[in-house]
Amino acid sequence: MGANHSREDLELESETESESEETTREQESDDEEENFGTPSSYSSDHKKPKTPSSLDEVESRLKALKIKYNNQTQNNYPKNSVKLYLHVGGNTPKSKWVVSEKVTSYSFVKTASEDDEEEEENDPDSWWVLKIGAKVRAKVVQDLQLKAFKDQRRVDFVANGVWAVKFFCAEEYEIFVGKYQGCLFENTYGYEANDENRVKVYGKDFMGWAKPEEADDSMWEDAEESLFKTPTKTPVKVSHDLNEEFEEAAANGGAIQSLALGALDNSFLVSDSGIQVVRNYSHGIQGKGIYVNFDDEGLSGRKSVNASFSTPRKALLMRAETNMLLMSQMNGGKPHSRGLHQFDIETGKIVSEWKFEKDGTDITMRDITNESKGAQMDPSGSTFLGLDDNRLCRWDMRDRNGMVQNIANESTPVLNWTQGHQFSRGTNFECFATTGDGSIVVGSLDGKIRLYSSSSMRQAKTAFPGLGSPITHVDVTYDGKWILGTTDTYLILICALFTDKDGKTKTGFAGRMGNRISAPRLLKLNPLDSHMAGANNKFRNAQFSWVTENGKQERHLVATVGKFSVIWNFQQVKNSSHECYLNQVGLKSCYCYKIVLKDDSIVDSRFMHEKFAVSDSPEAPLVVATPMKVSSFSISSRLRM
């Protein structure tokens, strides 16, 4: 169930141990010749070589030997020589690394064609390609999932298989990593990798993102100290085991499309044929035997509503979880909608169909969300937030005088646009989420993440630059200190804390962060797991565990990719001295996670509300939904020294 990283490392190491031993033996032989000469040069009385007279002389000889052996290693092979491995056997007990080419060479080539072998440095439409012998030719992009092991002089990556490259000396390894980073920057942003262009891409306030080794990480460390006090006794490591508690089949044969988890008594599985009600327990969710079909005439009570109804893409709980807003996409496959349906959970009926309208003109929305992290538990809630490509707004189901609208009227009621902004330039908004106090974080297709205060939607207080990949989903902690963005190939974790000019610690929702901005951290799959997840599978819907109370701290992060539900320990990711970050080049990337593997593609993975955590567990149960089943996993702790 957990991802096994040691197998990946040890098998390649065992392959190279023999090389190391062989090299050591050769060096020992050379050492004898250096210090003692060849047997033919011995004098007749076989006197021992002269003992060095000082430590300086010893150090001088050792340096000379080191230079000699390094030069010998480099001179034995042509420039850019490497050893190439291929991983075979997939996710089976027989999986292993095999040598593909004992000695080959790599190069970075600029080309303007997928099949073009020639360099085309001056073509503005060209891009960098990594070539290794005759086996590997791949565009330098994030999809390669390249992972570097400095201590092993090795990099792993995915390109029609999982490959490992072993370098014959540390200098060659460093040169490769530097070239790779430069080619990746140029392919991503279209500029040569230099300081001037990094300022152009990131902005002068975000140079810590371009040069993470120079970034100020004090906010990460301060946050760790304040949130997780170091015990006075010797600390022990905690290993979390995932135990499957319940498995529930989808009712009536409908394929599950989304989860609507409740913080009170019930949660809901929204399928393409109806809504299944399940009960919340301390060890997960379990069916109540209640299912409402969308095609029941009694469901809508109004045939006009039923006729226009299609499978909901989004379900939002409101009013103490007694009502649910269902949003379906328009025809043509676009994720936008012109309105939504209001489902009364207690009566089991859709009671209204609402239209999105501004100044008398119909408009669309691509997403909706609650006013704040805990707003769905408010019994009087009538407002929610909406997002479109260039719009961010607040909708109210009451009329302009604050009165509840008469939804029995035959005409479709219109939602009241109470606050918001319609941006004239292309913001390309994609997703959003809210904090406990109603502050808003918005992710965009250009990779930017913007922070808006709860009082203004016109101008972002802070705008984090993109790393070259669209943000497809975003989440934020209840206190607004941490932001989690989802891209296709990695997750990005941002610390939103900063110190203002008066020395006060604030978040980027409350003020402009200036230039004391910490570098983000990336959460990735290792190349083996990324390959096993499937070529077309992408990260989706990364979220924090769920708290709705000040003083409570989220403990885990979870994301879905293919048949995997991937879980990171939040405290471990924030720990600057975590072993994953040692010897890394570029932004710190965490590869320590657990995987829940299912037999089918996962629709969604989410933690239940923290109140359902039991005393022997550090976290509320994890709910994992596939199209035909939903499973609940409890996280138990066991201590290990």
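Analyst: Contact here means heavy atoms within 4.5 Å of each other. The model is predicted: local features need pLDDT of at least 70 and side-chain atom pairs pLDDT 80 or more, whereas totals for chains, interfaces and linings use all residues. Residues are numbered from 1 along each chain as its sequence is written, and side-chain values use heavy atoms, without hydrogens and water.

User: What covers the buried residues of α4?

Analyst: The cover includes α3 (170-189) and α5 (207-210). Helices are DSSP runs of H or I with at least four residues, strands are runs of E with at least two, and both are numbered from the N terminus. The buried residues of α4 (residues 195-202) include Asn197, Val201 and Tyr202. They span an arc of only 120 degrees around the axis, which puts them on the same side of α4; the arc is that of the directions from the helix axis to the C-beta atoms.

User: What is found at the start of α4, and what follows the helix?

Analyst: At the start, a side-chain oxygen of Asn194 comes within 3.3 Å of the backbone nitrogen of Glu196. After α4 comes Gly203, with a positive phi near 90 degrees.

User: Why is Glu321 called buried?

Analyst: Buried means under 20% relative accessible area, exposed over 50%, and partly exposed in between (1.4 Å probe, protein chains only). Glu321 has a relative accessible area of 8%, so the residue is buried. Glu321 lies in the loop between β13 and β14 and has a positive phi near 60 degrees, although it is not a glycine. Ala320 is found in the loop between β13 (314-318) and β14 (323-327); this non-glycine residue has a positive phi of about 55 degrees.

User: What makes strand β34 largely enclosed by the rest of the structure?

Analyst: The strand, residues 556-561, has 6 of its 6 residues buried, so the rest of the structure largely encloses it. His556, Val558 and Thr560 point one way, while Leu557, Ala559 and Val561 point the other way.

User: How do you know that β34 pairs with β33 and with β35?

Analyst: Two strands pair if DSSP finds at least two bridges between them. β33 (residues 539-544) and β34 share 4 bridges, so they pair, in the antiparallel sense. β34 and β35 (residues 564-569) share 6 bridges, so they also pair in the antiparallel sense. Val558 is the bridge partner of Gln543, and Ile567 in β35 is the bridge partner of Val558.

User: How many residues lie between β34 and β35 in their hairpin?

Analyst: There are 2 residues between the strands, and Gly562 in the turn has a positive phi of about 60 degrees.

Notes
A polar contact is a pair of N or O atoms within 3.5 Å; within protein, one must be able to donate a hydrogen and the other to accept it, and residues adjacent in sequence count only if both atoms are side-chain atoms.
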